[in-house]
Amino acid sequence: VKRYNILLLEPSYKNKYPPLGLMKIAQYHGSQGKDDNVVFMKGEDPEAKKYSWDRIYITTLFTFEFPAIRKNIDFAISLVNGQTNKIFVGGIAASLMHQYFLMHPEWRGVRFIKGLLNKSPAESLQLDDFEEELYSNDTHGSPIEYLVPDYDILDQIEYQYPVNDAYFLYATRGCIRKCKFCGVPKLEGDQFDMPDISSVVKNIIKQYGEKKDLIMMDNNVVASSNFNEIIAQAVDLGFGKDAVLSRNGSMVKRRVDFNQGVDARILTKSENYLKEISRLCIDPLRIAFDHLGLRKQYEKSV
Ligand code: SF4
């Protein structure tokens, strides 16, 4: 059986967190999935020129990193000798500036993916069954968004993400609000629940071992009707107040970070929210006051 060569690329910018989307794509193609040959590289690694790639995925993050993203896409196109239909570009910048990416004639044929990979793989990746594209018949498989991220690919590159010994989770995606300046409502829509954080963590532990920190990436976790349950699960998972974990023979502090901030307008509605949050080893507590004029509420909530 032919093993397909799949290249995952992250542009050469500096970033704090590993590319979760690529890690999930790695799971899809990796030994527990399609059993392809999956390689992760950062930037334009000349090693990549030694192989012939069946598919290349590029992630994107900050829109202001467009020059690094452009360079990475051009590099990918050179790797596949101009066969742009083998290239998929997703992530935040590609979603927010979708039209802008599509406007580049030299990138015609590249698939720019907007939003989440939360439909079947074939649908999310816009695979063409008529063209018999690789896995275009995968119309019923689990959405890539829900797969366990493959932490092992992080060992394939030199770059060290400042935060890597952590679970990067979403208890919810989307948001209940529609703030004008924010991309979340456009890209993810209304708030919806993701699989239980405890089942995701248990699956990560099974495959990749225990992680020190819990980074909750929800846009607006306090708006979830499951908020109390999410906190209870985090406590059960070992992220209660003053939690520690053994690392290299010594005990280190664990921490929970709601890295998109918690909505000040909701926090102030009931004491329950802060009381619940304080059951966790939270560090830091980020309060998001998205609208001007919320300072009073903000001050009330700290
Ligand atoms: S509350 Fe935050 S995440 Fe939700 S739409 Fe407004 S800015 Fe975006």
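Predicted model: local features only at pLDDT ≥ 70, side-chain atom pairs only at ≥ 80, totals over all residues.
Two strands count as paired when DSSP finds at least two bridges between them.

Q: What is the order of the strands in the open sheet?
A: The sheet has 5 strands in the order β2-β1-β3-β4-β5, and the pairing is parallel.

Q: What makes β2 and β5 edge strands?
A: Each of them has a single partner strand, so one side of β2 (37-42) and one side of β5 have no neighbour in the sheet.

Q: Which helices lie across these strands?
A: Helix α1 (residues 20-29) lies across β1, β2 and β3, at about 175° to β1. Helix α2 lies across β1, β3, β4 and β5, at about 180° to β3.

Q: How do you know that the span of α2 is close to the expected one?
A: Residues 66-79 make 14 residues, and at 1.5 Å a residue a span of 20 Å is expected. After the helix comes N81, with a positive phi near 50°.

Q: Which elements do the buried residues of α2 pack against?
A: F66, I69, I73 and F75 are among the buried residues of α2. The buried residues of this helix pack against β1 (5-10), β3 (55-60), β4 (87-91), α3 (92-96), α4 (98-102) and β5 (111-112).

Q: Why is P11 called buried?
A: Buried means under 20% relative accessible area. P11 has 0% relative accessibility, so P11 counts as buried. You will find P11 in the loop between β1 and α1. Beyond its sequence neighbours within four places, P11 is in contact with K42, G43, I58, T59, A68, I69 and N72. P11 and I73 are 62 residues apart in sequence, with their C-alpha atoms 8.5 Å apart in space.

Q: Which residues have the most contacts inside the largest nonpolar core?
A: They are L8, F168, M216 and V222, in a core of 64 residues. Domain 1 (5-146) and domain 2 (165-301) each supply at least three residues to this core. Another core, of 27 residues, lies apart from it and includes M41, I87, A93 and V110.

Methods: Residues numbered from 1 in each chain as written. Heavy atoms only, no water. Helix = DSSP H or I, 4+ residues; strand = E, 2+ residues; numbered from the N terminus. Expected span 1.5 Å × (residues − 1). Buried < 20%, exposed > 50% of the residue type's maximum accessible area, 1.4 Å probe, protein only. Contact = heavy atoms within 4.5 Å. Core = buried A, V, L, I, M, F, W, Y, C linked by side-chain atoms within 4.5 Å. Domains from an automatic or database assignment. Axes fitted to C-alpha atoms, helices over the stretch in contact; angles between N-to-C directions.
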